[in-house]
Structures are given as structure tokens and as C-alpha cells.
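Visitor: Could you walk me through this model's pocket and its aromatic contacts?

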Amino acid sequence: MTEDRYEVVIGMEIHAQLKTKSKMFCACAVQFKDKPNSNVCPICLGLPGTLPTVNFEAVRLATRAALALNCQINPKSSFARKHYFYPDLPKGYQITQYKEPLAVNGFVEIDGKKIRIKRLHLEEDSGKLIHSGKESLVDFNRCGVPLIEIVTEPDINSSEEAVRYLEELKRILTYIDVSDCDMEKGHFRCEPNISLRKAGEEKLGTRTELKNLNSLRNVREGLEFEIARQTTILTRGEKIIQETLLWDEKTKTAQPMRSKEESEDYRYFPEPDLPPLVLSQTFIDEVRKEIPLLPQARRQLLISKYQLDKNLVEIITEDKKFADYFDDVVKYCSKAQLVANWLVTEVRGILNTRNIAITEFPISSDVLAELLVMLDKQEITSKAAKIIFEEMLNSKKRPREIAEEKGLLISFDEERLMTIIKETLKENPDVVEKYRKGKTTVLGFLIGEVLRKVQGRFLPQRVGELVKKFLDEDLR
């Protein structure tokens, strides 16, 4: 929590792993969970005498991301060496872009506010350290994995806003299929920098940076911790120390990792083994054509086309594949509201229970649509539809076939229904007596008992009408 006299200022650096089959500057495979140090070569290890070669697919994906994020593409960009002293970077430097990045000046819009993107550039990843007891092991498989780094201006003013920005950014990158953005696998890593300044002031305060945030929950908790810590320090009249902090999700605290770092500490200099990256306007135009409808535009389209509730649309468009599935079902069942309701309740329920993606959902869009059309035409009740739906999950039978086998098609045999109603009333004389004495609230119980017996074979509304009619006529 911060006091009203301070304003929170957050900038964000995001590293997103690109969906390429090979690394940024060599042909080594990019595979998660492969045997440690099995995907390495002299190039990604930076051994003397080797020469890197730019992965064209990585350039194409990075350009697509930059265009989707409203960036200006620099026709000419260049690579540089950024020097580290980390044990998981054996060549002692990282190839990245520095003074001439691939793209600049973009933005992501959340809740009507534009979070400005200062730059988007290409770079390679470092390796991974594994600490075990008193030993530290290193896996170089990640060395050279292609990344894009997306750097925002300090436009974010709260932990909630930071999380919304990250959610929308992940959504965009997965929509355009440039990254899986799986934070648990290190595909999407964010490093926020935080400072506080007095309300109304322009000058930024001293910032700190948070690392080791591998989930959106950690981002929120880490930011709230650091905002509270800086507020306490400033309130005491003390000064913030510029440093990088390491978030500990177990203790919910951040500890100093290293002190002040500026660009000169990295001793950048131009990468001598790579020529400038020059992109033609034709190439940029071709990549622009690859960009599908983005999340925000898709949300607006669903609301305007089908008049769906905003919250419902948010859920449907959360994942592109899920939104695609919705569109497919609507092709066969035009009742968009009915389709939307079923997808966010019944279908999502199954996805969550089985922990699967919509691409693994066993019911194809046309088959689910057939069920919903039957429901819409009142050939089956809602209760029967759920019974059929459960059967469809474990069999390849069509919904009508299941409905016929189980006798779930709606019956209009009112003589039969009246017989069931009479039986039910006879079995519940005390309840009927209460109704006769004026306690009409028991009507719901009697209707429920009849519905339970008919197992979805009669329309609930008609059952209710006939139960009431029978009771009222019986009284006269």
C-alpha cells in the first residue's frame, strides 16, 4: 500500500521466447526438458573461430510481434555484444540489439490506457544454473534460444495495472503465434522496475528492479511488497538505493541481488561477426498480412455482432484457440448467446477438471452445435442436454443418437405426464395438504419431484403448469 502523497511508477522489461525450431544464431534444436547440454554446439557456446548466423524465422516472428504491438519497424537494425560475468553464459557476452533495435515506439492498450513500448529487440538467451546441495550445475541448452525483449516506458501505476498489461501482452503474443508465453517453462519472463515520486512531480524517483518472477501472482505480490517497502523508507525520510532485488515466493519478500547497474556496466560494443539486419518494406508488408484479428478487436467484434456481455466475451477471447472454437460452433448453431453460455460453463468446466486445452477437447464444434440446436428447438430439456453432453465426452455417438437411446427426446404425451403427476401427489399427501391449506411455496417441491421422475423427458415449464393445474382443479 502507498500513501496518497506518493505516485507509483512502474516500467516493465519482458523477455518472450520465440517459437522457432532452432536457436538464434546456430542450428541447435530448441527443446524443453531435453537432456542437459545435449543441444549445444561451438557457435552457441561461443568457442573461438565460430561465426553466428541470424535465424530468419526469429526475425520474421519478432517483426510480427512488433507490428502487432503497434511498433515502428527500423529498416536497419544491428547487433551488439553485452558483457556478462555469469557462469551460464560461457562465451562471456550475450548477442543482443542495443543502439539500433528492431522496433520502437509501440503501445498496448488496456482499459482505454496506452502503455507505451519504448523498444522491441532481438537477442539470445543465456543458460540455466541448477543448484543441488553444495554443488551448482549448469545446463547450456538454453544458450542461444531466441528471445524478444519488450521494454515499456514507465507508464504503469499499480500492481493491478501491471498484471493487466502482462495478461494482454501474453494474449497478443499467443494470438499471433510467436511465443507460447508459458511462464513455468521460462517462455515469458518479466522484470519490473519500481519507483515512487511525490504526487504531481515529474521527476522519477530512484528505482529498484525485481527478478525471479515466474507467475503473474508473483508479479502482483512482488510489486506490492516493493511498493510498501519504498513507501516505508521514504516516509522515514530515508533514501532508496538503486539495486536489483530477488523475489522469494516462499517468504514473500525481496532481497538485494546486486547494486546499481547502468548500460556502461555491460560494456556494449558492436557485434563484429554479424552484419546489420536490413528489412525491406516488402518483407514488412508480407509479415503484416500474417497478423490475425487481435484480442481487443475480436472482443469488440463479438460484442457488436452478437450483443454478448462484456465479461462473457473476455472469457471467450482469453485464448485464441478457445475463441476459434466458439466461432466454429456458431457456424453450425446461430444462437451465439446459447453457445457462449455453454462454452464458459460446461466446456470450460471440463477443460479445468481434466486440465486440458480446447484443442484436446473431445467434442468437435459441429457435434456440440448439434446438441445446442436440439436444445434451442426444445427437442430436449437443459437437464437432458447435460446428460447427453456427459455421454458425448466418452463416446463418439452423435447427440441425437444418445437422446434416442436414453429416451431423452421431449415427450408431448400429456396423458402419461398426468399419470406421473397423480402418482407423485399420492406419494406426498402431507405436502398436498399443506398446499390445500394455502402454503403455495410447497408447489416447487412437488414440481421438482415430478421432474426427477420424468428425467428430462418433458419440458419443465409444462410440468409446472400441469402440476399446478391438477392441484387447483382437484381442489374445486
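This is a predicted model: local features need pLDDT of at least 70, side-chain atom pairs count only at pLDDT 80 or more; totals for chains, interfaces and linings use all residues.

Visitor: How much space lies in the second largest pocket?
Guide: About 1,300 Å³, the space filled by probe spheres set on grid points joined across faces, edges and corners. A pocket here is an open set of points on a 1 Å grid over the protein atoms alone, where a 1.4 Å probe fits, with protein on both sides within 12 Å along at least five of seven lines; lining residues have an atom within 4 Å of a point.

Visitor: And which residues are closest to its centre?
Guide: Of the 31 lining residues, the closest are Thr 174, Asp 180, Glu 318, Asp 319 and Ala 357.

Visitor: OK, rings now. How are Tyr 306 and Phe 326 arranged?
Guide: Their centres are 6.0 Å apart and their planes at 80°, so the pair is edge-to-face (rings of Phe, Tyr and Trp, the last by its six-membered ring, pair if their centres lie within 6.5 Å; planes under 30 degrees apart are stacked, over 60 edge-to-face, the rest tilted). By this rule the count comes to eight aromatic pairs.

Visitor: Is Phe 326 buried or exposed?
Guide: Phe 326 has 0% relative accessibility and counts as buried (under 20% relative accessible area with a 1.4 Å probe, protein chains only; exposed is over 50%, partly exposed in between).

Visitor: Which residues form an aromatic cluster?
Guide: Tyr 325, Trp 342, Phe 361 and Phe 389 form one.

Terms used: Residues are numbered from 1 along each chain as its sequence is written. Side-chain values use heavy atoms; hydrogens and water are left out.
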